[in-house]
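I opened my notebook to look at one chain. My notes follow the order in which I looked things up.

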Amino acid sequence: MNLELRLKDPAWASSAIENIREFAGAIQGDMAKAAREGVFPRHAFNELGRRGLLGMLTPREYGGLGFGVPEYCLVEEELGRYGLVSGQTQAQGERWLNDWGTPEQKSKYLPGLANGSILFSESISEPSAASSLKNLQTTARREGGGWLISGEKCHINMGVESDLTLVYAMAPEGLTAFLVDTDQPGVRREHTHPIGLRYSPTANMYFDDVRVGDGAILGEVGKGLATFVSTFNVSRLGNASALIGIARRALAEASRYAVTRPVGSAVVADFQGNQWTIAECYAEIHAAVLARDHAANLAQQGHDHAMQTSVAKHLAIKAAERVVSDVYALIGGYGLYEEQNFGQYMLDVKLLRVAGGSSEILKNHVAKCILKDAQLMGLA
């Protein structure tokens, strides 16, 4: 639902949407099985890479498409719309390496991230610190010309399946990001089982004196906060886009049902109250898309977009939560069974409500931006 995204190649965007729609039809059964079993469909993910849908943010010289944030958002929304495994975490890895990687790191990892042969994860959250970076307990200490990383991480998407993970740890100089190949000695992983997006399983990861060299440092020692913020503000637009995609899917399926389900001599969609439900849900999606598009365009132009990104994800959460709840006015008992997708949409949205920054965190950030600005961000 592209309203104002400033795309480099609109013709590519149209073909990408059709590409995703066609692939979704072919892989629908496999995706449903993966969701039921809580397993990552690596073959489907690799096919996204083969189709060029994972490398939007990777430059062409490293095997990507050389596009930007608007194209990333468009693809993430369509993947959510059709219930396919997301490339969001992969895109975060690309963004981190593009912005902060050395030439050696880029050459080693970016081609594989773009084509899907290297699966990326991020090891940030911890059991005792959640995502509060200043309270992280994972440590990195110098020894023998390198570093030893020790600690425990949680809530890691595709942690067990990933080939490369970005670990945030406290060095003596402060927060530092390290690129760690997951086949390193001392890396241990175990699955956890999320309620939503079950084809993207989560994991706990344990690092027991994992040895890496200076070449594993992303950015500068002690400057991990800068690497985190630069990427997560874009990542939240991916979250917003996925939420918009799920909301579109739920409302489209419910609306199609409402125009065919008889109620006496009428159908469900003939009743004014149900028409208002459709209109109000659509308006919420429309508002979220406009906010997402605005933030994505600002990001691509290199402007500060942290507040606009927070607004976009907050509105996307509101829209998706309303849609997946209110559609029950249209579908009634039809949506109460596991054979339908509506219950799973609710769980998927709950997961995305928290991932990358909860609605409460986003509202705190927006309020702080308004209150510290002399013009109250345009209100005055």
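At what angle do helix 6 and helix 7 pack? I find about 155 degrees, with the axes 10 Å apart. Helix 6 covers residues 224-258 and helix 7 covers residues 272-300. Axes are lines fitted to C-alpha atoms, for helices over the stretch in contact, and angles run from 0 to 180 degrees between N-to-C directions. So helix 6 is roughly antiparallel to helix 7 (an angle over 145 degrees counts as that).

Before going on, I note that this is a predicted model: local features need pLDDT of at least 70, side-chain atom pairs count only at pLDDT 80 or more, and totals for chains, interfaces and linings use all residues. Residues are numbered from 1 along each chain as its sequence is written, and side-chain values use heavy atoms, with hydrogens and water left out.

Next I listed the contact (heavy atoms within 4.5 Å). Helix 6 brings residues including Leu237, Ile244 and Arg248. Helix 7 brings, among them, Ile278, Tyr282 and Arg292.

Then I counted the whole chain. I get eleven helices and ten strands. Both are DSSP runs numbered from the N terminus: helices are H or I with at least four residues, strands are E with at least two. The C-alpha trace spans about 80 × 55 × 40 Å along its principal axes.

Last, I checked the record. UniProt, in an unreviewed entry, places "domain: Acyl-CoA dehydrogenase/oxidase N-terminal" at residues 18-116. Its positions use the numbering used here, feature names are shortened, and annotations may be inferred rather than shown by experiment. In the model, that span is 69% helix and 0% strand. Its end C-alpha atoms lie 20 Å apart.

Key. Angles under 35 degrees count as roughly parallel, over 145 as roughly antiparallel, 65 to 115 as roughly perpendicular and the rest as oblique.
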